[in-house]
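Student: Can you walk me through this one? I'd like to start with how the chains meet.

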There are 2 protein chains.
Amino acid sequence: MKGNIIVGQSGGPTAVINSSLAGVFKTAMDRGFNKVYGMRYGIQGLLDEKYVDLSDYIKNELDIEILKRTPSAFLGTCRYKLPAIHENQEIYIKIFDILEKLNIECFIYIGGNDSMDTIKKLSDYALLTGKPQRFLGVPKTIDNDLALTDHTPGYGSAAKYIATSVKEVIRDGNGFSYKKQLVTIIEIMGRNAGWLTGAAALAKGEDCEGVDLIYLPEVPFDIEAFLSKVRELLSRKNTVFIAISEGIRLADGTYVSQAGGGSDYVDAFGHKQLTGSATYLANLISREMGCKTRAVEFSSLQRSASHIASRVDINEAFMVGGAAVKAADEGDSGRMVVIDRVSDDPYQSATGIYDVHKIANGEKLVPRSWISEDGTNVTQDFVDYVRPLIQGDDPCILVGGLPRHLHLPADED
Amino acid sequence: MKGNIIVGQSGGPTAVINSSLAGVFKTAMDRGFNKVYGMRYGIQGLLDEKYVDLSDYIKNELDIEILKRTPSAFLGTCRYKLPAIHENQEIYIKIFDILEKLNIECFIYIGGNDSMDTIKKLSDYALLTGKPQRFLGVPKTIDNDLALTDHTPGYGSAAKYIATSVKEVIRDGNGFSYKKQLVTIIEIMGRNAGWLTGAAALAKGEDCEGVDLIYLPEVPFDIEAFLSKVRELLSRKNTVFIAISEGIRLADGTYVSQAGGGSDYVDAFGHKQLTGSATYLANLISREMGCKTRAVEFSSLQRSASHIASRVDINEAFMVGGAAVKAADEGDSGRMVVIDRVSDDPYQSATGIYDVHKIANGEKLVPRSWISEDGTNVTQDFVDYVRPLIQGDDPCILVGGLPRHLHLPADED
């Protein structure tokens, strides 16, 4: 008889991170694992022996469908970096004691770059100490900055939310465009990689003029050049729409948001928490050009708006979850499932698998060749890459008029 | 043979304002009007003789369906206040000359309080001068602050967007709740009336703990009482979610946003444009209590997110548009169509009609009895009133992965 499997979620959530959890659960049950445990709040909660038996919450096929449409980590998440093995062996001993006590054969971790670092360290430790557990990573991040995978689950839904909301913001602004000038600056997540900000380009089409300018963090931001672009646009049209990444930086590396006195909060991985570039630039334009401006931030809805998730993304997230269980069950360890693009047109994808040592901590940026020469837009190649990932929807299951989610009450000890 | 009809949109748009336009168009065609003209940018554009023949853009039943799902004023909108008749007769002479030139029999204006003022003045002028045109108002505002109608088209969809997004923001925040404290303040539109902010209460249910505190502009805001409520909540839970109206004011009438140095922009009707109360309070809590805070503004998406519009709202908006044409065609003038709630359970509604003199410029606030005694929540009566209005959805028509809209290019002269 097979033993048990445990799954955790880590890092910033996505609209489809629970579709991967549903994929893990379903494949694990189908392949005859005895119990599927879920870590509360990732490895941080596991260290405090916080876990649940997922069968207590996912009781039938309808629960699986609702879980696939539930945003933000169902199990709770954490930003917790394991120490290097030589720095703190006790923590590894403690984790493996817990895994042995729970009769865990496979450990599945759904996360981004930082989470793959956890898979790498745990599988290294198991190898070094002859432990039998297998450790598999499931990619997840709205940022799409993981190497070796064509794209990450969560990115397509965030891109769809951004493009949809950008269309709506443009319509709203244009409705007031008569004899009035308005500059709208939309700030989009993405600290170093411009994948999300570039998705604003998708708004352009037969029914929408799209945004006028797009600034990614991959290209140094020049405030003077920016202001003269805006001035030129205002000389021939009444509404100007600009998408910027939260991470745009001046040539000397200073964040534009810091020029505006933004927050300096630093997370557990040393990442600066940014805010306020759009507000800073909107105030600057208002001061310099005297026109009305508006700063829009999509905030955490970018990663949690499952009500407009992409069906391609939901299905791929489910698929990579299941593929990780299959790989672990067949003996793989220290690896991450990836998505390979099998065909562009018609779009087709399949899972692949890579050594996690090749993946962890390497950030995949938007190639310079997919950004226009003057750094104010993305190219058609970029759009062609993203478009297939936002296709289709999985209609919400409405209860009382609102999308129903699968719910696990908070464990706040 | 019948003459022509003209329709305009005015004031802040809603997710379903074009469903009313579709209702006007369809009923006008069905009742045998010759042409249906659309004013560009409301009465302001009409004064410059900016109008379109709607048949050039709405060519078939599919276009009507797409128009119903298109957010923000399809025709463009304005905030333009007509002078009193005795102040400036020329402007009235000009408008009626244009109407006569276009052989207009009925003039339909889709708007809120300020727009009903336009209907009142134009119908008064027609009555005084013996002009034959009829003037009918179609209610529209996300603010739900129009008197005499049970609710306004646009409110249900905004409430549904707010409640859905609040659920998603709560899930996102709770996912990180382990051993960390986070206070999230969500700022919601509504200058004087708390109808939209109160809709945050709908998030609470079997699958969501809901927000902890709700502050409407109807009740004076006490910063000290607020801080001690937050302190008390943080002593027993890790995440606190608070919904506030952009219009909350201290007892002396000062906007909380002004305490925070918010913008002082004043629109054509003398309304202050507010921003920044959530940011101000989030910074205050962070300073006083040392915990992480987050300010979320739903910005213009509250009135333009047609991708999650309520089906009840879409249908009612369509219904009031058609009812206005019917009333005008049957000889009514100087009136506004309203929605009467025929039954609570099952929810049923029908159109009624009122003298616009009784409606214009009267703001309907949330009754004090629908706000909890301590002013930090709404009552079950409030929830029971709103819940029927957010029911159902009209699935988006996706093209290229994004909701398709009916589009009229900007006319920026």
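Tutor: Between chain A and chain B, 43 residue pairs are in polar contact, both residues at pLDDT 80 or more. A polar contact is a pair of N or O atoms within 3.5 Å; within protein, one must be able to donate a hydrogen and the other to accept it, and residues adjacent in sequence count only if both atoms are side-chain atoms.

Tutor: This is a predicted model: local features need pLDDT of at least 70, side-chain atom pairs need 80 or more, and totals for chains, interfaces and linings use all residues. Residues are numbered from 1 along each chain as written, chains are lettered from A in written order, and side-chain values use heavy atoms, without hydrogens or water.

Student: Which element gives the largest share of chain A's side that touches chain B?

Tutor: α6(A), with 11 residues. Helices here are DSSP runs (H or I, at least four residues), and strands are too (E, at least two), numbered from the N terminus.

Student: How many salt bridges between chain A and chain B?

Tutor: The count is 8. Each needs a side-chain nitrogen of Lys or Arg within 4 Å of a carboxyl oxygen of Asp or Glu. One salt bridge joins the side chains of B:R404 and A:E206 (3.0 Å, N to O).

Student: New topic. What joins β10(B) to β11(B)?

Tutor: A hairpin, through 2 residues. The two strands, residues 335–344 and 347–355 of chain B, run antiparallel with 9 bridges. Strands pair if DSSP finds at least two bridges between them.

Student: Which residue is the bridge partner of B:S343?

Tutor: B:Q348, in β11(B).
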